[in-house]
Amino acid sequence: MNERSNTPVTVLGLGAMGRAIADAIHRGGHATTVWNRTAGRADALVAKGATLAPSPTSAVEVSPVIVVCLLDDESVRATLTPLAPLLTGRLVINVTTVTPKQARDTAAWAAEHGVEYLDGAIMAVPEMIGLPVASLLYSGSRAAFETHRELLELLGGARWFGTDPGIASLYDLALLGSMYSMFAGFAHGAAMMASEGVPATEFVEMAAPWISAMTIGLPHHAEFFDQGDYTTDVQSLDFNKAAVDTIAEASRDQGVGTDVIAAVQTLIDRQVAAGHGKDSFARVFEGIRRPAPTA
Ligand code: FVH
């Protein structure tokens, strides 16, 4: 089931991402109406043929599909709440970064007002929007996803993760969480090398291929996590504890902060203290999934 390719679309929010989205939708042949709290951000889009609406009300009443790309959940709620009566019978696609709970709450609010709701998460920067390298995750209304798939694919790869409106956002934040930890690990390594005057631009030549090569182990870790059996005859927690403690000691010797590596030490130590030193390093997953109660 496909939408008509010329379905009018309204985009609320013209920050860097909202502008990229509106541009891709307009280039895709949809009559595109845009609104932004602060005037002036629509100029380039209007020059290309998009329509600037003077208010959120006039923006949403002209389109059956409303794409919301604002700063955060608070700005989404502040913008959508007064529009509720007008949104009834329309589809809201919210690609603002929110928590799973916020996505579910907005979906519940939408359902109360007869608004169809699709939550989206953008795994891309604005420059990637419209290219196959952009990946957008969706959850919520399956009918909306299938009906408007062509529209969604104007933005990049589109994948639907289920009717739970929070699951796309959970994937988004889990992926971002993995990424931030990886970048923090790289910053720690770069700080160690900087302590001896090695520039990060030199260190990265070793670090990037090393980190990339190590990702080959992720599926093996994933199997441990899913099975909950961490029995191993290689690279036990005891073995890794020695390595990680040595990294922490070397960091201190070099006058470098241990914040990042200390977090890894804490995770290992918790498992070792519970008697799991012979198990795989992958067992740290258990300490994250079920954190120790705080005093
Ligand atoms: N830019 C990126 O690389 C990332 C990639 C991954 C996903 N994010 C998320 O996309 C949302 C929007 O991001 P953005 O890059 O467009 O953000 P800004 O350029 O800062 O624009 C923010 C827009 O939100 C408007 N806004 C803020 N507060 C309010 C409010 N209370 N009421 C109405 N609108 C509001 C702001 O308007 P203005 O400041 O121009 O008046 C911008 O239109 C975001 O969730 C990212 O996490 C992007």
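**Notebook: pockets and ligand**

I began with the largest pocket and noted a volume of about 2400 Å³. For pockets I used a 1 Å grid over the protein atoms alone: a pocket is an open set of points where a 1.4 Å probe fits, with protein on both sides within 12 Å along at least five of seven lines, and lining residues have an atom within 4 Å of a point. Volume here is the space filled by probe spheres set on the points.

A reminder to myself: this is a predicted model, where local features need pLDDT of at least 70 and side-chain atom pairs count only at pLDDT 80 or more, while totals for chains, interfaces and linings use all residues. Residues are numbered from 1 along each chain, and side-chain values use heavy atoms, leaving out hydrogens and water.

Next I looked up the lining of the largest pocket: 48 residues, with Met214, Leu218, His221, Val264 and Phe281 nearest its centre. I found 33 nonpolar, 14 polar and one charged residue there.

Then I turned to the second largest pocket, which holds about 720 Å³ of space. Its 27 lining residues include Gly15, Cys69, Leu70, Leu71 and Asp72, nearest the centre. The ligand takes up this pocket (more than half of its atoms lie within 2 Å of the grid points).

Methods:
Nonpolar A, V, L, I, M, F, W, Y, C, P; charged D, E, K, R; others polar.
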